[in-house]
Amino acid sequence: MTICEDPFAILGVSPEASPADVKRAYRRLAMHWHPDRNPAALAEAEFKRVNAAYELFLDPQRLAEWRQAQAASEAGERRQREGKGSASKARESKGDGSSSGARKAAGKQNEQSAGEDLTQALTLTFEEAALGCRKTIALVQGVRCASCRSSGRVQHRNSVPCKHCSGCGRLSQGGGETRICTSCGGRGFLRETDCPDCSGSGWLHQPRTLSVTVPAGLLAGERLRLAGQAPLPAGSGGGGSDAGKAGDLYLEIKLAAHPLFVLHGRDVHCQVPVSAYRLLCGGRIEVPSLGGTTTLKLSTDPQQPLEYRLPGQGWPAKGRHKAGDLLLQLQRIQPQSVSAPDVELLERLEQRLAGDLARRAPELAVWEAAMRARRKLAGA
């Protein structure tokens, strides 16, 4: 906390407040802004400001120095305002109304100031991100505690024992000495205590859901902006007639890992296991796509490529980016075992192949010729 910040304003107490009132206000704000209890992004900074303000109250010398510096600052500002007021009056006497217009514009801008924006991760499957979907988002925002009317305190019809000193009014401080309990001022009993529903903060965390339409073609890292949908933190007027204008909620897209697809840019890659027999026979096979399945026509050429590209069937187009391609890498799968009927069929196939090796399997024809030459050489 800088010397210019007002500890009375930070803790919400008057300059004439008693030490007990100051401590009570500090405890209520510390519980509200503690980072372990408050998920808001600014909670840690506000918690530090509240601690700094309370530490200033605990040091009489520093508090006196602050009062002196504040008085000097206020005197300087007063002289500056008086100087500006004289200049403003001079301009008004000349018919210049710009100062009034500027004040009105500034007031309107403050009325319309929005709350803090919030970024939250939204994890989608490949299909949800590519094709678009509707998602339900769970949010938590602060609302006024109805039990204590957001005061953080509840009044009791009868006095209740102070839980800090167990009703005796004094606390042990070691060495057999005691001191007055500051929570109850030594009385031992209280007519008001922290509200049990909100733990003295005056605010409750209320869940709400938000249905979101996710457009097609979003990639990981892109953000979806929902104007005015950021949850209001506790203490911002959320849920009341004095509620401030909510900030924007940004949903940052994350893609869950897919069992079949891998994304590179806007191209979708997929490995497809195919039987070696099917690769020899050719024909149509069923392959996965982002929308379900599609068909792929295999060539009967034994030298056919093992990678196929299906243009435009990858990640959908979005804005200036055209649709990607679906790349299918075929994996040749050999059978791990063959039965007797399979062996018979394969031998018959090999016999048919042997009659036309030069055309259908030139590598085998060359090999067979080499083997015949070696047999003749061995016979000679």
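Biologist: Which helix gives the most to the lining of the largest pocket?
Modeller: That is H8, with 7 residues. Helices (H or I, at least four residues) and strands (E, at least two) are DSSP runs, numbered from the N terminus. A pocket, on a 1 Å grid over the protein atoms alone, is an open set of points where a 1.4 Å probe fits, with protein on both sides within 12 Å along at least five of seven lines, and lining residues have an atom within 4 Å of a point.

Biologist: Before we go on, what kind of model is this?
Modeller: It is a predicted model, where local features need pLDDT of at least 70 and side-chain atom pairs count only at pLDDT 80 or more, while totals for chains, interfaces and linings use all residues. Residues are numbered from 1 along each chain as its sequence is written, and side-chain values use heavy atoms, with hydrogens and water left out.

Biologist: Back to the pocket. How much space lies in it?
Modeller: About 920 Å³ lies in the largest pocket, where a volume is the space filled by probe spheres set on the grid points, which are joined across faces, edges and corners. Of the 25 residues lining the largest pocket, Leu-280, Leu-349, Leu-353, Arg-360 and Ala-361 are the closest to its centre.

Biologist: Which helices each supply at least two residues of that lining?
Modeller: Helix H7 (276-281), helix H8 (340-354), helix H9 (357-360) and helix H10 (362-379) each do.

Biologist: And what classes of residue are in the lining?
Modeller: The lining of the largest pocket has 15 nonpolar, 4 polar and 6 charged residues. Ala, Val, Leu, Ile, Met, Phe, Trp, Tyr, Cys and Pro count as nonpolar, Asp, Glu, Lys and Arg as charged, and the others, Gly among them, as polar.

Biologist: New topic: which residues of H2 are buried?
Modeller: In H2, Val-22, Ala-25, Tyr-26, Leu-29, Ala-30, His-32 and Trp-33 are buried. They cover an arc of only 160° around the axis, so they sit on the same side of H2. The arc is that of the directions from the helix axis to the C-beta atoms. Buried means under 20% relative accessible area, exposed over 50%, partly exposed in between (1.4 Å probe, protein chains only).

Biologist: Why would a helix have a side like that?
Modeller: An α-helix has 3.6 residues a turn, so residues three or four places apart point the same way.

Biologist: What span should H2 have?
Modeller: Its 15 residues (19-33) should span 21 Å at 1.5 Å a residue, and the end C-alpha atoms of H2 are 21 Å apart, which agrees. The expected span is 1.5 Å times one less than the number of residues.

Biologist: On to strands. How many bridges join E10 to E11?
Modeller: There are 4, between antiparallel strands E10 (residues 261-264) and E11 (residues 267-275); two strands pair if DSSP finds at least two bridges between them. E10 and E11 form a hairpin with 2 residues between them, and Gly-265 in the turn has a positive phi of about 65°. Across the pair, His-264 has Asp-267 in E11 as its bridge partner.

Biologist: How accessible is Asp-267?
Modeller: Asp-267 counts as partly exposed because its relative accessibility is 22%. Asp-267 and Pro-316 are 49 residues apart in sequence and 9.4 Å apart in space, C-alpha to C-alpha.

Biologist: And Ile-285, buried or exposed?
Modeller: Ile-285 is buried, at 13% relative accessible area, and lies in strand E12.
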